[in-house]
Amino acid sequence: MEDTQKYIFLDQDRAIKAFLEGNIDHLQWSEKTAVDDLASDIVENGFLDFLCQTFPDPRDQAKVSVPIKAILGSQIFCRVQDNHSISSGPYVLNDAFVLTKLGFNISVRSSGFNDLNIKDRETVFCGDVLRNLLKRYPGGQGPEILEKWFNKNCLEFVLKKYPEVRTFIIDTTDCEVLFENANYKNSGVVRHGDDEPLRRGYKVCLIRAVVENRGILVGFKMAPINDHDVIVAKKLLDEITLPEGSEIIWDRAFIDADLMTDLKLKKKIDTFLPAKKNMMVRQYAVAFAEQHPELWQPHPNRKEQFVMHLPDKEVY
């Protein structure tokens, strides 16, 4: 088969000369968007290469034609745009410099990575490439394998990149699916009140590392939607290894004496919960803040908001 590999390079003089001579294969406006900024960041900090190197690819590598970088990259950038169509993938990134860093071309290539297509190509690879990859995991264990891969490697990458990180936030969210479709594997059914309809779906527990006033997702655990938040959080914390001396911030849905004691005594991890309105510590904090307006400071990343740090001696 003829070698169809496309080599991408940045040569402004050559591009201008070709443009003046009318020797143009494809012309598209280059405009940097938020997705392009994200793509540039994960390429420059090595995160995308790290994912590709550690990804548990079940395919026979001797027969692979579509590189895992193209598959993972397209999935990440499309999801950021809340777009689930691979055919729209080539249009998600628009900045020529970012595409050059990735090794992608700004045009929609008709050749793709192989010649297995039956119809004319709209993208460099079709959705069946991703579906066939997932089918190759033994015993249908693809979701579990990928979950463990993400939880181990993403936390490892962040701790290597930011070794001082010790604060993490844990929260859960419900992901609903069509109730009438019972084919969603491992989904659950729940009703929160007598007057509420039954809902089918999953509960997702997320853990983020706090890095420079932003949160970076380093782990997740999926469970049936009817599982309690504490149960899902326990499973997630059993699967990932946070450094000793870490702090976990979560809401009051995670109050569990056994779990919090175990984290403190066995793993040296502190947990923090928001105070209720009727708690003395909160009432005193509000009163102190009202008496000391000079201590308010602008919020580091929220415009028109202010924060106040209460000295420990004032709280206790």
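Among contacts in the protein between residues at least 6 apart in sequence, 58% join residues at least 24 apart, where contact means heavy atoms within 4.5 Å. This is a predicted model, in which local features need a pLDDT of at least 70 and side-chain atom pairs count only at pLDDT 80 or more, while totals for chains, interfaces and linings use all residues. Residues are numbered from 1 along each chain as its sequence is written, and side-chain values use heavy atoms, with hydrogens and water left out.

Begin with the whole protein, coloured by pLDDT, the predictor's confidence in each residue, from 0 to 100. The average pLDDT is 84, and 88% of the residues score at least 70. Now select residues 1-8, where the pLDDT is below 50 and where the model has nine contacts beyond near neighbours in sequence. Where pLDDT is low, the predicted coordinates should not be read in detail.

Of the 316 residues, 32% count as buried, a term for under 20% relative accessible area, with exposed meaning over 50% and partly exposed in between (1.4 Å probe, protein chains only).

Select helix H4 (residues 68-80) together with helix H6 (residues 127-135), which pack at an angle of about 105° with their axes 11 Å apart; axes are lines fitted to C-alpha atoms, for helices over the stretch in contact, and angles run from 0 to 180 degrees between N-to-C directions. H4 is therefore roughly perpendicular to H6, since angles of 65 to 115 degrees count as roughly perpendicular, under 35 as roughly parallel, over 145 as roughly antiparallel and the rest as oblique. Showing side chains, you will find Ile68, Ile71 and Gln75 of H4 meeting Val129, Leu130 and Leu133 of H6. By class, this contact has five nonpolar, one polar and no charged residues, with Ala, Val, Leu, Ile, Met, Phe, Trp, Tyr, Cys and Pro counted as nonpolar, Asp, Glu, Lys and Arg as charged, and the others, Gly among them, as polar.

Move on to helix H8 (residues 229-239) and helix H9 (residues 257-267), whose axes are 11 Å apart and which pack at an angle of about 20°, so that H8 and H9 are roughly parallel to each other. Val230, Lys234, Leu237 and Asp238 of H8 make the contact with Leu259, Leu263 and Lys267 of H9, and by class it has four nonpolar, no polar and three charged residues.

Helix H7 (residues 142-161) is the next stop, and Asn153 is found there. Asn153 is buried, with a relative accessible area of 9%, and, leaving aside neighbours within four places in sequence, Asn153 is in contact with Phe50 and Thr54. Glu156 also lies in H7 and is partly exposed at 28%; Glu156 and Ile240, 84 residues apart in sequence, are 9.6 Å apart in space, C-alpha to C-alpha.

Finish with two loops. Most residues other than glycine have a negative phi. Asn186, in the loop between strand S1 (167-177) and strand S2 (188-190), has a positive phi of about 60° although it is not a glycine, and counts as partly exposed at 48% relative accessibility. Glu304, in the loop between strand S7 (297-298) and strand S8 (306-307), has a positive phi near 65° and is exposed, with a relative accessible area of 79%.

Technical notes:
Helix = DSSP H or I, 4+ residues; strand = E, 2+ residues; numbered from the N terminus.
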